[in-house]
Amino acid sequence: MAKSGGDEMKNEVLLQVVEAPSAGRNQDCENQSVKMEVETETQHPYAFHVSGPRNVPSINWRDLINSTWKDGNYKRTVIACFIQAVYLLELDRQENRTSDSALAPKWWIPFKYKLVETLIDERDGSIFGAILEWDRAAALADFVLMRPSGAPRAVLALRGTLLKSPTIRRDIEDDLRFLAWESLKGSVRFSCAFKTLKSISEKYGSSNVCIAGHSLGAGFALQVGKALAKEGIFVEAHLFNPPSVSLASSLRNVGEKAGTMWRRVRSMLPASTTEPPANINERTKSTTLGSKQWIPHLYVNNSDYICCYYTDPVGTENSDADKENAKPATNTPCAAKLFVFSKGKQKFLEAHGLEQWWSDELELQMAVNNSKLISRQLKSLYSLPAQEQSPAKCR
């Protein structure tokens, strides 16, 4: 039976009445979902305003006169935040966060920097590093007409081990690489970071570039920075909780102790007039990289068993074979700026964590230190055979 025009009109009105509340409910659900997402982001433990630094001065026009970046505490805080941003870049990727809900940008935006490139591990597609560049446009918006003195033009930040299923396999693989050989040169991350650091050093000038890392990332930063220094390119380096424990170093220590005992025994034997003086050839072959010296900044917690061995002093045995560890043959000290945090006995996760390095209550002891481990890792910079050295390229 055909419906009359009046019946059709009634049905349309009824349909609109039924659909209107339904559409309203759908809109309310969407709004509630967005609200919950924003609240989740707001309360996230890694949100900048939740776990980030407090009382950090903002960059403003006054920095043209007295740069905030000249304050070592400010520089340490900002660079540690940049490394945290790299951790969060990977977590944002794993958790499929959108640009609106991403956590990472909040860790560089307040300092007038921007993300220009991420470093990807080709083995698993994870983000292990990032290049952050001074954001001139953001600075101009706050009437900062030029980059403050001491602020790097670009920072290469490298994260450490992330114990999440998408990344744990490759991260642990590199951890074991260091544990076994005390070298990370066989990793794809080393070659990628080295090429990147060299590229931005040539682009911006080595004096305007900084490399930084935490834990495993600090191990990469140290070895990449050292490899570049061997080519005469010196960049500022900030290393947080760098790894110091390896089987290779343990075996080397056993060998050194055995060698020390043998030298003591040999010193009690009648001297041989035909034996040539030790290490003469090495000393005559070694040259220096000129007056320029690469001095990385190391941030170490005494309660962190992964990095605490950097505080071990140079051995006191006086012998020709040991002198290379205590001081290179060129009389150029192998040194680093070592910042030590001592807070009594701490749990490992607290002592090894990155968050401690932007704490308001942080009190550090600093010394230009040529500890045994630092000397061992850096001595090759200053005892290279002449044919292996490159002319200085620093700008």
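**Close-up views of helix packing and salt bridges**

**View 1. Helices α6 and α7 cross in a right-handed manner.** A crossing is called right-handed if the near helix is turned clockwise from the far one by less than a right angle, and left-handed if it is turned anticlockwise. Before you zoom in, please note that this is a predicted model: local features need pLDDT of at least 70, side-chain atom pairs count only at pLDDT 80 or more, and totals for chains, interfaces and linings use all residues. Residues are numbered from 1 along each chain as its sequence is written, and side-chain values use heavy atoms, with hydrogens and water left out. The axes of α6 and α7 come within 10 Å and cross at roughly 55°; axes here are lines fitted to C-alpha atoms, for helices over the stretch in contact, with angles from 0 to 180 degrees between N-to-C directions. The two helices are therefore oblique to each other (under 35 degrees is roughly parallel, over 145 roughly antiparallel, 65 to 115 roughly perpendicular, and the rest oblique).

**View 2. Residues of α6 meet residues of α7.** On the α6 side, look for R189, F190, A193, F194, L197, K198 and S201; their partners in α7 are L216, F220, Q223, V224, G225, A227 and L228. Contact means heavy atoms within 4.5 Å. This set divides into nine nonpolar, three polar and two charged residues (Ala, Val, Leu, Ile, Met, Phe, Trp, Tyr, Cys and Pro count as nonpolar, Asp, Glu, Lys and Arg as charged, and the others, Gly among them, as polar).

**View 3. Helix α5 also packs on α7, with a left-handed crossing.** Their axes lie 10 Å apart at an angle of about 55°. That makes α5 oblique to α7. D171, D174, D175 and F178 of α5 meet L216, F220 and Q223 of α7. Three of these contact residues are nonpolar, one is polar and three are charged.

**View 4. D174 and R123 form a salt bridge, 3.0 Å from N to O.** D174 belongs to helix α5 (residues 168-181) and R123 to the loop between β1 (113-120) and β2 (127-134), so the pair ties together parts that are 51 residues apart in sequence. A salt bridge is a side-chain nitrogen of Lys or Arg within 4 Å of a carboxyl oxygen of Asp or Glu. Helices (H or I, at least four residues) and strands (E, at least two) are DSSP runs, numbered from the N terminus. D174 is buried at 0% relative accessibility, while R123 is partly exposed at 22%. Buried means under 20% relative accessible area, exposed over 50%, and partly exposed in between (1.4 Å probe, protein chains only).

**View 5. E231 and K198 pair in a salt bridge, with their closest N and O atoms 3.0 Å apart.** E231 sits in the loop between α7 (216-229) and β5 (236-240) and K198 in helix α6 (residues 188-204), so this pair ties together parts that are 33 residues apart in sequence. K198 is partly exposed, at 22% relative accessibility. Elsewhere, salt bridges that share partners join D121, R123, R159, R170, D171, E173, D174, R177 and R189 into one network.

**View 6. R97 forms a salt bridge with E95.** Their closest N and O atoms are 2.3 Å apart. Both residues are partly exposed: R97 has a relative accessible area of 21% and E95 one of 41%. The count comes to 17 salt bridges.
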